[in-house]
Amino acid sequence: MSDALNYLVKARPEAMGHYFAFLKDCGKQLDPKTRALISLITKVHAQTERGFRQYLGRALREGCTPAEVLDALLMAFPALGLAKIVWAVDIILAMGLPAFQPAALGAAGEWHDVLATKGFKAGETRRVECDGRGLFVHRHGKGWRVFDSRCPHQTTDIPHLALEGATLTCPKHQWAFDIRTGACIRIGDKALTQWECKVVKGRLMARW
Ligand code: FES
């Protein structure tokens, strides 16, 4: 909520209480995903960045997929216009959410040069930065796995310190992952986002 709304809630609690009750009542016939998407579009229309970030998180928590969020934005084109849609997509990109990357949406994505494979031992895991994304790279035997460092729960950027043996524990709500597979092994229910990878002339490449 904005500072101004916070202020009004404190300064005029009764009037603002009616306002919030009105908003709550308006959406009670809608399912949570539809309600979340409509709220999200209102934030794009008003161009309130903090509200947009907050409502995007809420929409994803309610089960909206990134493809549904993009569809909602595009469907609102007649009301929003292209400039506001681009404004919203710029914020989504700045948030670095793995689920919105083209490769995660089923598009081709782009190959990125991650690191030199020489000296990287089997069983080893490293956290690296590559073209603006944090990655956990794990080598198993002759194979490789590349995971996004953003937590699949609420996109916390997980640091290297969170890795203990083969277990990566997100510091925010303690979801734990097996870094050898990306599977969630404690508390949560979603795996780390894994990017396709390949070795080309001694360089590990990943696509997102
Ligand atoms: S953001 Fe990682 S466990 Fe919640």
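Predicted model: local features only at pLDDT ≥ 70, side-chain atom pairs only at ≥ 80, totals over all residues.

Reader: Which two strands form a hairpin, and how many residues lie between them?

Author: The hairpin is made by β3 and β4, with two residues between them. In the turn, Gly141 has a positive phi of about 55 degrees.

Reader: And how many bridges hold β3 and β4 together?

Author: There are six bridges, and strand β3 (residues 133-140) pairs with β4 in the antiparallel sense. As one example of facing residues, Leu135 is opposite Asp148 of β4.

Reader: Is β4 mostly covered or mostly open?

Author: Strand β4, residues 143-148, is mostly covered, as five of its six residues are buried.

Reader: Which other strand is joined to β4?

Author: That is β9 (residues 194-200), which runs antiparallel to β4 and is joined to it by two bridges. Val146 faces Trp195 of β9, and Phe147 has Gln194 of β9 opposite it.

Reader: What is the strand order of the sheet with six strands?

Author: The order is β1-β10-β9-β4-β3-β2; the sheet is open and its pairing is antiparallel. At the edges are β1 and β2, each of which pairs on one side only. On average, neighbouring strands in this sheet are turned by 30 degrees against each other, with direction ignored.

Reader: What do strands of a sheet pair through?

Author: They pair through backbone hydrogen bonds, and the pairing may be parallel or antiparallel.

Reader: How many bridges join β6 to β7?

Author: Three bridges join β6 (residues 167-169) to β7 (residues 176-178), and the two strands run antiparallel. Within this pairing, Thr169 has Ala176 of β7 as its bridge partner.

Reader: Which residues make the contact?

Author: From α3, the contact uses Ala36, Ser39, Leu40, Lys43 and Val44, while α4 contributes Gly51, Phe52, Tyr55, Leu56 and Ala59. By class, this contact of α3 with α4 has seven nonpolar residues, two polar ones and one charged one.

Reader: Back to the loops, if I may. Which residues other than glycine have a positive phi?

Author: Asp131 is one of them, with a phi of about 45 degrees. Another is Thr155, where phi is about 60 degrees.

Reader: Where are they, and are they buried or exposed?

Author: Asp131 lies in the loop between β2 (125-130) and β3. With 56% relative accessibility, Asp131 counts as exposed. Thr155 belongs to the loop between β4 and β5, and its relative accessible area of 26% makes Thr155 partly exposed.

Reader: And where is Ala103?

Author: Ala103 is in the loop between α7 (82-95) and β1 (111-116). It is partly exposed, at a relative accessible area of 25%.

Reader: What is Ala103 in contact with?

Author: Leaving aside neighbours within four places in sequence, Ala103 is in contact with Ala108, Gly109, Trp195, Arg207 and Trp208. As for Asp178, it is 75 residues from Ala103 in sequence and 22 Å from it in space, C-alpha to C-alpha.

Reader: Finally, how many helices and strands does the protein chain have?

Author: The secondary structure of the chain comes to seven helices and 10 strands. Of its 208 residues, 35% count as buried. Its C-alpha atoms fill a box of roughly 65 × 35 × 30 Å along the principal axes.

Notes
Residues numbered from 1 in each chain as written. Heavy atoms only, no water. Contact = heavy atoms within 4.5 Å. Helix = DSSP H or I, 4+ residues; strand = E, 2+ residues; numbered from the N terminus. Nonpolar A, V, L, I, M, F, W, Y, C, P; charged D, E, K, R; others polar. Pairing = 2+ DSSP bridges. Buried < 20%, exposed > 50% of the residue type's maximum accessible area, 1.4 Å probe, protein only. Axes fitted to C-alpha atoms, helices over the stretch in contact; angles between N-to-C directions.
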